[in-house]
Amino acid sequence: MNNILEVRGLSVGIRDGKKTYGVVDSIDFEVHSGEILGIVGESGCGKTVTVLSILGLTGEGVNPTGGQVFFEGRDLLAMREEEKQKILGDEISIIYQEPMSSLNPLLKIGRQVGEPLRIHTKKTDEEIRAQVLRLLADVDLKNPEKVYDSYPHELSGGMRQRVMLAMAGISAPKILVCDEPTTALDVTTQAEVLELIRKWNRQFGTSVIFISHDLAVINKLCDRVIVMYAGKIAECGKTETIIGRPGHPYTQGLIASIPTMRQKGQPLSCIPGRVPSVTDRKDPCPFAPRCGICTEECRQQVPPHITMPEEGHEVYCHHALRGADPVPGGEQGA
Amino acid sequence: MEQNLKKSDEILTVEHVSNHYYENQLGIFSKRKKVQVLDDVSLSVRRDEFFGLVGESGSGKSTLANCVLNLIPFDGTIRVNGRTAKERDRKTFTGDVHAVFQDPLSALNPRKTIGFTLMQPLRAHREAMSAAHREAVRADQGTGTEKEMYEMAVRMLETVGLDGSYMTRYPHELSGGQRQRVCIGAALMIEPTLIIADEAISALDVSVGSQILNLFQEIHREKDFAMLFISHNLNVVYYLCDRIAVLYRGNIVEIGDAEDIYHRPAHPYTRLLLSAIPDFAQEGYAAHTDYTGEGVQREDVPGACCFYHRCPHATDVCLHKPQLRPAATPGAKENGHLSRCILNMT
């Protein structure tokens, strides 16, 4: 399987006066072409910052401090701004959590969705209109003609998110980045939007990076999952491995804290404490202060990168191999 | 098991409550459009019970909460401890009902310390308490002097899993979970008989949310209060609550024991909700059904069943609004499992 996006040793720093704090700490991962990759973690774990810095969309004072991001073999971080612009508009698209803040309230939907075509192509108005209507129908909007002539405030949350998806898809991108796109939606609408994202992925072969704090949503949608904690990757692997046989205590804690039927009447197990702020990350293993199986070595050595028996399952933890058989020669010092 | 309940066992009774507002249309001479938010809602919460209220956004969950808190006008009767808000003065009424809202930062005064916020209900209710109650509380905990109030607030902070050092801190210094703990503490200060939790854990991370859920259960073991727990998350509501009501466009479409609602849902809307929940354990109703209510879209007909426009099973009989009646599940009548569906499917 070839990788459409490769992230190598990416670090992101946030500048506060003269000091720089590391928000994301030299992470490596790759996106296979045609897959849906989930990134999961609590708020403040660096999920959004990671993808935004890949796209160069971070705000003032937040900058990549090291590493490379290869998109089809070319380093996005080393690229000139004009070159990058081309890739970003055309090959990589993004949709956000709150669709209303990404839509211009003063312009009709049809105008906004068709804008890239009006700027980048020489198509006539009729051709653009036809293409936009087709796109709106593609995202399962019931009445494309009516939506075309509506303003954003006239649509419901689910419809707005569909419009965002249509906007993101107008250039047929190779990667679609979704930053918590369903968090603000109702469960029934959420199910429909997830179905739509999956349909796009299957139909057009678009790779999807899907950020969410909800493991259940990730489980429903994604092929592979990266679990992030405090700016580092805690664990990554196939979805069924991560959900079924998690190796990192953080992932285990996340899964256990979701209420399911069986636990009715019993207290939920939960992870004590909270994600340390960027100014307060001292332990080599950032999860050590909240971890139930933390030992002395967790406070002194950076957790090793351990390859688990299952394919593609990697865990960054001293105690990952508890209960599992290590792969001969699979353990690598980090 | 709860057959011999007396009326007095009901902490909260909501009877035929309706609420509407008028939406202004464009143009000066056009008629204002009436929007029905709550349509003849009746339910009751028993002593010591956790009652869950589920629905999508816009279904009227929070409006009902605001009606119970007497914050907005409504038609119908709402009794707390057997009396309506009109029959008693505002202070004694608010002493019985307290609320925890979704966003703790907007619920706390940013310019007052946590200690001040926690002691505020005590100050406000010191005079309002009935003499007998005041004596009882004084003998029990002592709420008379400023010092006694301070000690009570510290004790409350410990109850909700914080400590006395938080007394002098300000809301912005706390994390979301800690702020929500303070809000719960403030709601419990004067020992209300009913707590309304309106999406109280929706804005929190899963791990922090589960801490708060545990806290609710821990406190419930020690203190005697009922809770109206409002959420859009059926999993959480099932986990926490004894009984559940499902609200859709201002109508209760199904009401019953949590087990019945979750495992033997009777109304098509409840089934749709349950099948839409992403759940990696795939348990309960969603596990053994391929029910998908997607793709149905009809014109809305006035006077029809509230779910008519989305219901996959709707026929012409659904054009008349159905009543709540016992569902077609075994023992529905005895358990009070009611569904507002004329087809009454099994």
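## Contact between chains A and B

The contact draws 29 residues from chain A and 30 residues from chain B, where contact means backbone-placed C-beta atoms within 7 Å. On the side of chain A that touches chain B, the elements giving two or more residues are α8 (187–204), α9 (215–221) and α11 (249–256) of chain A. Of these, α9(A) gives the most, with 5 residues. Elements are DSSP runs numbered from the N terminus: helices are H or I with at least four residues, strands E with at least two.

## Model and numbering

This is a predicted model, in which local features need pLDDT of at least 70 and side-chain atom pairs pLDDT 80 or more, while totals for chains, interfaces and linings use all residues. Residues are numbered from 1 along each chain as its sequence is written, with chains lettered from A and ligands numbered from 1 in written order.

## Open sheet in chain B

In chain B, 4 strands form an open antiparallel sheet in the order β2-β1-β4-β5; strands pair if DSSP finds at least two bridges between them. β2 (33–46) and β5 (83–84) of chain B are at the edges with a single partner strand each, so one side of each lacks a neighbour in the sheet. Between β4(B) (residues 75–80) and β5(B) there are 2 bridges, and V80(B) is opposite R83(B).

## Strand β9 of chain B

β9(B) (residues 243–248) has 6 of its 6 residues buried, so the rest of the structure largely encloses this strand. Buried means 20 or more other C-beta atoms within 10 Å of the residue's own, with C-beta atoms placed from the backbone; exposed means 12 or fewer, and partly exposed is in between. R243(B), A245(B) and L247(B) point one way, and I244(B), V246(B) and Y248(B) the other.

β3(B) (residues 50–54) runs parallel to β9(B), joined by 4 bridges, and V54(B) has V246(B) as its bridge partner. β10(B) (residues 251–257) pairs with β9(B) in the antiparallel sense over 6 bridges.

Note on methods
Two residues are in contact if their C-beta atoms, placed from the backbone, lie within 7 Å.
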